[in-house]
Amino acid sequence: MAPIPILDSIKAIEKLYDTGERPVLVACSDKNWYICKYMRSSTRAFKLASELIGAQFASVWKINSPKYAFVKIKQEHWGHVLTPRSLSGPALGYYFLEGVADITPSTSRYVTQKKRYAEIFHHLIQKYTSDSIWKLAEELKPHYNHCVNESCMLTDQIVDSIPQEWNIHKDVITEKLQQLFQREWVENVWSNFLICVNDNISHE
């Protein structure tokens, strides 16, 4: 895996987002904007570590997602932003994509997030016949196994990329990831995927 870039903020924070982790929009030293999540206190930053691990697995699995970097937000650039934070470790920044919004309860007021995802999945799956869907599932299984195997080989490298300043016990994270990729769990995930497909196939 390629090294994760380390960037610096170059001007005052542009925006504070009114969502759970209170991310901020930051102009960085590569001349791009990043939405940054940061340490809210000096204690262990498990949420940041989880996000970083997820971002790296998405990259390994070739899932389209914004590029990411470690961002050092300078003290003087916080300006009027009054939110609990710790500057002892770098923030995790996601490249800002203009015109893109997450589907969250705050951006989808009239239906729950779970229901929205289910509706989208059901709409997509209705476009295919039952036979074509199962054929596609069979073709996906080798790719799924490949992603799992590659993830297992990269686990140590991914865990090592977690900044020391986030105060994470890396041996605990490694143990949890090893559990995640146990054969029984991997097969159960695939079985649940097939059950989900079967439950959503249109029989009309």
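Is Lys47 buried, partly exposed or exposed, going by its relative accessibility? Lys47 counts as exposed, because its relative accessibility is 57%. Buried means under 20% relative accessible area, exposed over 50%, and partly exposed in between, with a 1.4 Å probe and protein chains only.

The model is predicted, so local features need pLDDT of at least 70 and side-chain atom pairs count only at pLDDT 80 or more, while totals for chains, interfaces and linings use all residues. Residues are numbered from 1 along each chain as its sequence is written, and side-chain values use heavy atoms, with hydrogens and water left out.

**View 1. The whole chain has five helices and six strands.** Helices (H or I, at least four residues) and strands (E, at least two) are DSSP runs, numbered from the N terminus. From the N terminus on, the order of elements is β-β-β-β-α-β-β-α-α-α-α. The chain has 204 residues, and 34% of them count as buried.

**View 2. Six strands form an open sheet.** Strands of a sheet pair through backbone hydrogen bonds, either parallel or antiparallel. Here two strands pair if DSSP finds at least two bridges between them. The strand order is S1-S5-S6-S4-S3-S2, and the pairing is mixed. Strand S1 (6–8) and strand S2 (15–16) stand at the edges with a single partner strand each, so one side of each has no neighbour in the sheet. S1 and S5 run parallel and are joined by three bridges. Leu7 stands opposite Val71 in S5.

**View 3. Helix H1 covers residues 46–60.** The expected span of a helix is 1.5 Å times one less than its number of residues. For the 15 residues of H1 this gives 21 Å, which agrees with the 21 Å between its end C-alpha atoms. Which residues of H1 are buried? They are Leu48, Ala49, Leu52, Ile53, Ala55, Gln56, Phe57, Ala58 and Val60. An α-helix has 3.6 residues a turn, so residues three or four places apart point the same way. Just after H1, Lys62 takes a positive phi of about 60°.

View 4. Side chains of opposite charge can pair when their charged atoms come close. A salt bridge is a side-chain nitrogen of Lys or Arg within 4 Å of a carboxyl oxygen of Asp or Glu, and the structure holds five. Glu21 forms one with Lys47, the closest N and O atoms being 2.9 Å apart. Glu21 is partly exposed, with a relative accessible area of 25%. In another salt bridge, Lys37 and Glu51 have their closest N and O atoms 2.5 Å apart.

**View 5. Asp18 forms a salt bridge with Arg22.** The closest N and O atoms of Asp18 and Arg22 are 2.7 Å apart. Asp18 counts as exposed, at 64% relative accessibility, whereas Arg22 is partly exposed, with a relative accessible area of 25%.

**View 6. Aromatic rings pair in this structure.** A pair of aromatic rings is described by the distance of the centres and the angle of the planes. Rings of Phe, Tyr and Trp (its six-membered ring) pair if their centres lie within 6.5 Å; planes under 30 degrees apart count as stacked, over 60 as edge-to-face and the rest as tilted. The count comes to seven aromatic pairs. One of them joins Tyr38 and Trp78 edge-to-face, at 5.0 Å centre to centre with 80° between the planes. Tyr38 is in the loop between strand S4 (33–37) and H1, and Trp78 is in the loop between strand S5 (68–72) and strand S6 (91–95), 40 residues apart. Tyr38 and Trp78 are both buried. Elsewhere, ring pairs link Phe57, Trp61 and Phe181 into a cluster.

**View 7. Leu82 lies in the loop between S5 and S6.** Leu82 is exposed, with a relative accessible area of 78%. Leu82 and Leu16 are 66 residues apart in sequence, and their C-alpha atoms are 9.5 Å apart in space.
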